[in-house]
Amino acid sequence: MQSEEAGKEKRKLTTFHYILWFALTLAGFALLQLADRYYRRKNRTWMYITAFVLKILAGVGLAFCSMALSIPIIWRTGYLSMAISISLFTDAWTDLYAVIFRSIRKKAPGRKSMVVISLCLTVVYLTYGTVNMQIIHPNEHTYTSDKLTHEYTFVFLSDLHYGSAQSEQTVDNALAEIAQLKPDFVLLGGDITDENTTAEEMRSIYQKLGALPAPVYFIYGNHDRQGLGDYVGGANYTPEELTAAIEANGITILQDETVMIADDLTLLGREDVSAGERRCKVSGLPPVSRDSFLLTVDHNPFSETDIQETGSDLQLSGHSHAGQFFPLKYIYMFGEKYVYGDYQVGNTRLYVSSGITGWYYPFRTSAHCNYEVVHLAP
């Protein structure tokens, strides 16, 4: 357990991090141009095609490892692995351009023009992804049910990863927008903090969330308790300190527990699957009247069986960030059935949010950062 001061020094998103992010990506671009010189001098179509395929595979594969796999070396290399991934991905399209150019003009494109095109693609892609991460969109949904006798409006936000990928001002602006909506209640769908969140930042964000003008309910995600803190030099706070900070700000923690919002609306908050045996089986969940609309919040929509057997009318989840990096969403779909968007699972409507932020890297090219404004009506 590190001191708070050490935690603040370990990682706090600043202008320096954005400069480092751009510098590493452009350095990766420069190194790749040196490696490209050999086969681009040859000007063989098959070499361009091979390079395109290998760069796409390597770039997407490295992005997948950086986002989806808990590998200490990836976590400890910081932005480097993703910067290389972006350089590979954007430079690949220059090779495709060369193939198209040769097929149309019957000659090879100039090497200098390819460097310029590759640089422009890298800068545009890098700028778009970085700016996109700093823009949070409200996402409106309306669900109706015969079980409801009143109308409700609430906000669901997940995957904030506070201090990780967005500026403090970006988050503050979004919370101000949410406060202006005057929702009936707010649901925090897990991963509000992660292993890179300092103790100071953890206490700060729950103070801000607790100040929203509505009851606030919280469920754990797989990162909140900093279970992989050893990967980044140690946890900044204990699970007990996290719980104390949440409850001190009037936020209700739900761990396989229900709350009667009203006679016609029941909220069920699930413990995250990462908690192992602490997560109840469906048979062990509190009984709920079938005359009441059952709204379930579960960070990771991993189990189709759980979703169906819980008997929820609506479940809200997050976790996958809609892939965060194109085209990871489509790769995730091979292993995770529910990645992003609206689904019908048996009698349950499921919505998986892209998240209000993303994990670690200040970069998003798959979907937008969203908080969900949900309207329930008879």
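Q: At what angle do helix α3 (residues 45–68) and helix α5 (residues 80–105) pack, and how far apart are their axes?
A: Two packed helices are described by the angle between their axes and the distance between the axes. In this predicted model, local features need pLDDT of at least 70, side-chain atom pairs count only at pLDDT 80 or more, and totals for chains, interfaces and linings use all residues. Here α3 and α5 pack at about 155°, with axes 8 Å apart (helices are DSSP runs of H or I, at least four residues, and strands runs of E, at least two, numbered from the N terminus; axes are fitted to C-alpha atoms over the stretch in contact, with angles from 0 to 180 degrees between N-to-C directions). α3 is therefore roughly antiparallel to α5 (over 145 degrees).

Q: How do the residues of the contact of α3 with α5 divide by class?
A: The contact has 19 nonpolar, five polar and four charged residues (Ala, Val, Leu, Ile, Met, Phe, Trp, Tyr, Cys and Pro are nonpolar, Asp, Glu, Lys and Arg charged, the others polar, Gly among them).

Q: Which residues line the largest cavity?
A: Its lining includes Gly59, Val60, Met82, Phe89 and Phe326 (a cavity is a set of 1 Å grid points where a 1.4 Å probe fits but cannot get out; lining residues have an atom within 4 Å of a point). α5 gives the largest share of this lining, four residues. Ten lining residues are nonpolar, two polar and none charged.

Q: What lines the second largest cavity?
A: Leu187, Leu188, Tyr217 and Phe218 are among the lining residues. β3 (185–188) and β4 (216–218) each give two or more residues. By class, eight lining residues are nonpolar, with no polar or charged ones.

Q: How are residues numbered, and which atoms do side-chain values use?
A: Numbering runs from 1 along each chain as its sequence is written, and side-chain values use heavy atoms, leaving out hydrogens and water.

Note on methods
Parallel < 35°, antiparallel > 145°, perpendicular 65-115°, else oblique. 1 Å grid on protein atoms, 1.4 Å probe; cavity = no way out; pocket = protein on both sides within 12 Å on 5 of 7 lines; lining within 4 Å.
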